[in-house]
Amino acid sequence: MRTAVAALQGLWTRLVADDLVRVVFHDGGVTDFGAFARLLAPERAWLYRVDAHAVPQGFFWCNGFSGRAAQVHFCFFRNGMSAARAAGDIALTFLLAPQCANAPLDTLLGVTPAPYRHALRLAADLGFSRLGVVPAGTRLAPGTPGGGEAGRVVDVVLTVLTRDAFRTMTTS
């Protein structure tokens, strides 16, 4: 248990050092380590760290489970941005296990603020399809990039990747 808390603390420290807390948690719901730990508690989320040569490059997590679907979220640290596509491919192969009929998930969902073009581009590069837009679907908290001093309500883009679509992409 102590090791898990220390590992989580290490991710939080990197998020803070890279000034990514307000970007990743754009709605302002996570502003301190306690909230981060609660969001990623084992009973609520599956959390995975992305390393290269034993150096953290980022992390991803799944939550919002329903049936064999879950929301997936990616965060790459400044030193891991250039490897985001490759790491994302590995993460999706792990989560969707296209070779395994008993994989735990069949569908991954993305819920991304429309102004986050970099994240939407990564989702498209990884094979996610755009389902649609939820007008005024989220809020960028005050002080968040794009949120301004008072915060701002923005559209949300819904994306999806199924195990069958991922299997087709990886075998063609």
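**Close-up 1. Gly-80 in the loop between β3 and α4.** In this predicted model, Gly-80 has a relative accessible area of 0% and is therefore buried, the cut-off being under 20%. Gly-80 belongs to the loop that runs between β3 (69-76) and α4 (84-96). Although Gly-80 and Val-50 are separated by 30 residues in sequence, their C-alpha atoms lie 8.7 Å apart in space.

**Close-up 2. Gln-57 and its surroundings.** Gln-57 is part of strand β2, which spans residues 55-66, and it counts as buried because its relative accessibility is 11%, where the cut-off is under 20%. A polar atom of the Gln-57 side chain lies 3.1 Å from the backbone oxygen of Val-55. When residues up to four places away in sequence are left aside, Gln-57 touches Val-50, Asp-51 and Ala-52, together with Phe-76, Phe-77, Asn-79 and Gly-80.

**Close-up 3. The hairpin formed by β1 and β2.** Strand β1, residues 46-52, pairs with β2 in the antiparallel sense, and seven bridges connect the two strands. Within this pairing, Leu-47 has Trp-61 of β2 as its bridge partner. The two strands form a hairpin with two residues between them, and His-53, which lies in the turn, has a positive phi of about 55°.

How values were computed:
Residues are numbered from 1 along each chain as its sequence is written. This is a predicted model: local features need pLDDT of at least 70, side-chain atom pairs count only at pLDDT 80 or more; totals for chains, interfaces and linings use all residues. Side-chain values use heavy atoms; hydrogens and water are left out. Helices (H or I, at least four residues) and strands (E, at least two) are DSSP runs, numbered from the N terminus. Buried means under 20% relative accessible area, exposed over 50%, partly exposed in between (1.4 Å probe, protein chains only). A polar contact is a pair of N or O atoms within 3.5 Å; within protein, one must be able to donate a hydrogen and the other to accept it, and residues adjacent in sequence count only if both atoms are side-chain atoms. Contact means heavy atoms within 4.5 Å. Two strands pair if DSSP finds at least two bridges between them.
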